[in-house]
Amino acid sequence: MITLQPLRWGKPYESMEIKDIVHFDTGEPIAKFGSVGGGIVGRDMKQAHKAREALLKYSPAELIEMSKKAADLFENAELPVGDTTQSVDEFVHQQSASTGLPEHMCRSNLKKNSFVLSHMDEILNCLTRGLDLNILSKGYGEEGRGVIVSYQAQTPILGAILPNNSPGVHTLWLPAIPLQIGLALKPGSQEPWTPYRMVSAFIQAGVPAEAFGLYPGGHDAGGAIMTKTPRSMIFGSAQTVAQHAGNPKVQAHGPGWSKILIGDDIVDDWELYLDMMVESVLSNSGRSCINCSGIWASRHTREIAQAIAQRIGPVDVLPPTDESAQLAAFTVPAMATGTHAMVQQDLAEQGVTDMTAEYGDKLIEREHCAYLRPMVVHADSPERGVAMKEYMFPFVSVVECPQAEMLRRIGPTLVGTVLTRDPALIAAAGASVDIDRVNIGPIATNRLNWLQPHEGNIIDFLYRSRAYQTADMPVAAGA
Amino acid sequence: MSAVENSISDDVAKSASDARDRLNEHTLKIVHWHFSEETGSPFWLEKKAELGFDPLKDVKSFDDLKKFPNFEDEWLRGGPVDRWVPKGHAGKPVYVFETGGTTGIPKSRMVIEDHWKDYELFSDTLPDKYFPRGANWLMLGPSGPRRLRLAVEHLAQYRGGICFCIDLDPRWVVKLIKKGWMEHLEEYKKHCIDQAVTVLTAGHSIECMFATPKLLESLGEALEERGTSLKEVGIKGIFSGGTEFTPQWTRFAVEEMLGGPVEEGGVYMTPTYGNTLMGLACSKPISAADGYKISYYAPQPRAVTEVVSFDDYNQVVGIGETGRVKLYTLTDEFFVPGFMERDEGEREAPFDLYPWDGVSGVRPFHELASATTVGVY
């Protein structure tokens, strides 16, 4: 059985606190996972500058080349992971077994992470708007306009408190390495696989091991990363996001409440967009912040909800190895039962209709896990509580709302796909500060263009643009 | 654990048998004290009627305490606290110490001198080399309604020293965590640690200290940030406890915070386990060779710990086996005939220093763990 141990700036640490990672369905141990406490993390964070120093020995161009090699290794190679080696198939089996995600979704997330890493040069070029990366490395430089530009790194390392069950989010911390910023990662207790494999791929590709810290552990390990790292990201609930709101040291990622808004000009042709809507709701088992949780239109909302329900309502639980499996398990059954209870409350409100009621029981309970089958609900007004809900399974509310009111009522929306040709609506959507990523036209909410920033530009998070003036020193008399 | 490891020498077996005899004798004495009309407390005298047996006649040994129902800590919530004061101690000055209390009515226990006696007994276990007689002390932990401050202060005085005290209110810490006010939490912790650093660097000849593991960690870190260390400011011996204490943390403390093992010049540290009900259990000396294993031994016969089956709280598990920790308090001030702690662990064999059962690997009881906030300060 594979054992994963903490990594302290490239050096494995033999933890005495070993826990089992168990199979979501059988409860059988599939791996052992050592952890550390906040004290160890706190001590290591004092040496964080060494991680950056190790990376600064290589140019950004060299690190980008290493990242591309790492992408290939991550996606295709047998890599040293923990106390053994790990093939791609083993990675997929292990990740599926601990997270409850179907294997084909694990493979898809693997490819997504690899894709981002292999296109790092293009991504950084876009995120920096073509800035010579050596300017970031040196801290200042000249772009050809006769003015010095300066970007000061705000931290030697990026800390990240990674989620338990969303292997797709790892793309967000990958740019740190080519930007010569070290990584202190707290892997999720059920999804250590991606960070461990990715760090191994980086090291095998030539990135100095001293640049990486992997600190599995409890809240105090995560807390130590957050408090002792000048820049960190965390993935959690709406409460987690609220807790860190306004803190420039923390980039908090939580629920997305991503939505599709249908303009009055095209809503009569809604059927043209059905595939796109279904994909937005159902992909990755509805687990991502970029999954669509609300579809808003002024009319035809019942027909739209009915049509989506016909497509996703029958989706049922299949073995994780089945290529057509669409549902991920809740590895903590209480999360499924709790979510189910919250949905029942939503449905109790006047004006809310379960459009998937005819497709059988939604809560499927097993001995060690549970599933929630897809749900589509219709809300006759944005006043209904369900209009603002997002759950960790394929769940969407189709909300009837006049176009004129939509943008002022949608609330926070990570991805907003706006289906319209109406220039006024396009302009208003572009101006809405509630929408983070705006898609104009039929782009599924889950289809991200990685060349564009996601929930803030990581360059702005890690670097600060500032003034840097120079003048020649006078020659001393008699020199 | 193998049978060989479990085996104990004849000498230890003899000592264990003698200790058991003393425990049986002590049990009889304590039960008679608490259930005699002249000396017992109103609580136990009233409870006697519900028991279905006569403790004065039917308790003939420690094992007979299993005839009592488990002590319910809910009995300790609310007043009047006087009902716990044995008539035999009427008129003496009484302290009240509390546990919990973040929400609702806290559990309270009356004490007259038990906290002094417990810490005097504990004092006998401390090596003078690392806890020099006459040295001054620092108590870094909760005071307020808890007994810790007064107990540690008495320990210092008993050993001829003076105790400097820095307070941390764990109830406020729990509230900060529940509210998600992590910035306030950090500032509060810093506020406490800053005071400790000030005291330690103010020329008071402090050589010994108590701190909870988390505060000790923070103090070590704060001193390091100021270019010094616990050792450099003069600390020779530390006893720590109050929250969960793991081998991993002990290893971290020894290897990375206290300057290495004590044999190599590092600061001496000993874990303790206890609470307001029981008193203070000492640890078997810890070492790297033993995997930093922490085994606690209660101050028998005043207190006893058992490791009992999860299915039958009257059934002690085998040596090395896992079970829930059960406490007994048998003093003339307070009588607890079997209280189920919120902890589990492995039963440890008697050894020469403590020839009675111990418990190792103490951690939150798995059935309650998710609902418990541990190690907050």
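In this predicted model, the C-alpha centres of domain 1 and domain 2 of chain A lie 31 Å apart. The domain assignment places domain 1 of chain A at residues 2-254 and domain 2 of chain A at residues 258-440. Contact between the two involves 17 residues of domain 1 of chain A and 17 residues of domain 2 of chain A. On the domain 1 side of this contact, helix H4 (88-99) and helix H5 (103-118) of chain A each supply at least two residues, and H5(A) gives the most, with three residues. By class, the residues of domain 1 of chain A that touch domain 2 of chain A divide into four nonpolar, 11 polar and two charged.

Chain A as a whole contains 16 helices and 24 strands. Its radius of gyration is 24 Å, close to the 23 Å that the globule rule gives for 479 residues, so chain A is as compact as a globular protein of that length. Along the principal axes, the C-alpha trace of chain A spans about 90 × 55 × 35 Å. Of the 479 residues of chain A, 51% count as buried, and among the contacts in chain A with a separation of 6 or more, 73% are accounted for by residues 24 or more positions apart.

Helix H2 of chain A, which covers residues 48-56, has A:Ala48, A:Ala51 and A:Leu55 among its residues, and these three are buried. They cover an arc of only 55 degrees around the axis, which puts them on the same side of H2(A).

E11(A) pairs with E10(A) in the parallel sense over five bridges, and A:Lys186 of E11(A) is the bridge partner of A:Ile161. Three bridges also join E11(A) to strand E12 (residues 212-214) of chain A, and these two strands run parallel; here A:Leu214 of E12(A) is the bridge partner of A:Leu185.

Most residues other than glycine have a negative phi, and most peptide bonds are trans. A:Gln180, which lies in the loop between E10 and E11 of chain A, has a positive phi of about 65 degrees although it is not a glycine. Phi is likewise positive, near 55 degrees, at A:Arg129, which is found in the loop between helix H6 (120-127) and helix H7 (133-138) of chain A.

The secondary structure of chain B comes to 10 helices and 13 strands. The radius of gyration of chain B is 21 Å, close to the 21 Å given by the globule rule for 377 residues, so chain B is as compact as a globular protein of that length. Its C-alpha atoms fill a box of roughly 65 × 50 × 40 Å, taken along the principal axes. Buried residues make up 42% of the 377 residues in chain B, and of the contacts in chain B between residues at least 6 apart in sequence, 65% join residues at least 24 apart.

Chain B also contains cis peptide bonds. One joins B:Gly79 and B:Pro80, with omega about 0 degrees, and B:Pro80 is found in the loop between helix H4 (55-58) and strand E1 (95-99) of chain B. Another joins B:Gln300 and B:Pro301, with omega about 5 degrees, and B:Pro301 lies in the loop between strand E9 (295-297) and strand E10 (303-308) of chain B.

Between the chains, 14 residues of chain B are in contact with 11 residues of chain A. Helix H8 (182-200), helix H9 (213-225) and helix H10 (247-257) of chain B each supply at least two residues of the side that touches chain A, and the largest share, six residues, comes from H10(B). This side of chain B has five nonpolar, four polar and five charged residues.

Methods:
Residues numbered from 1 in each chain as written. Chains lettered and ligands numbered in written order. Predicted model: local features only at pLDDT ≥ 70, side-chain atom pairs only at ≥ 80, totals over all residues. Helix = DSSP H or I, 4+ residues; strand = E, 2+ residues; numbered from the N terminus. Rg over C-alpha atoms; globule rule 2.2 N^0.38 Å. Buried ≥ 20, exposed ≤ 12 C-beta atoms within 10 Å, placed from the backbone. Contact = placed C-beta atoms within 7 Å. Nonpolar A, V, L, I, M, F, W, Y, C, P; charged D, E, K, R; others polar. Arc of directions from axis to C-beta. Domains from an automatic or database assignment. Pairing = 2+ DSSP bridges.
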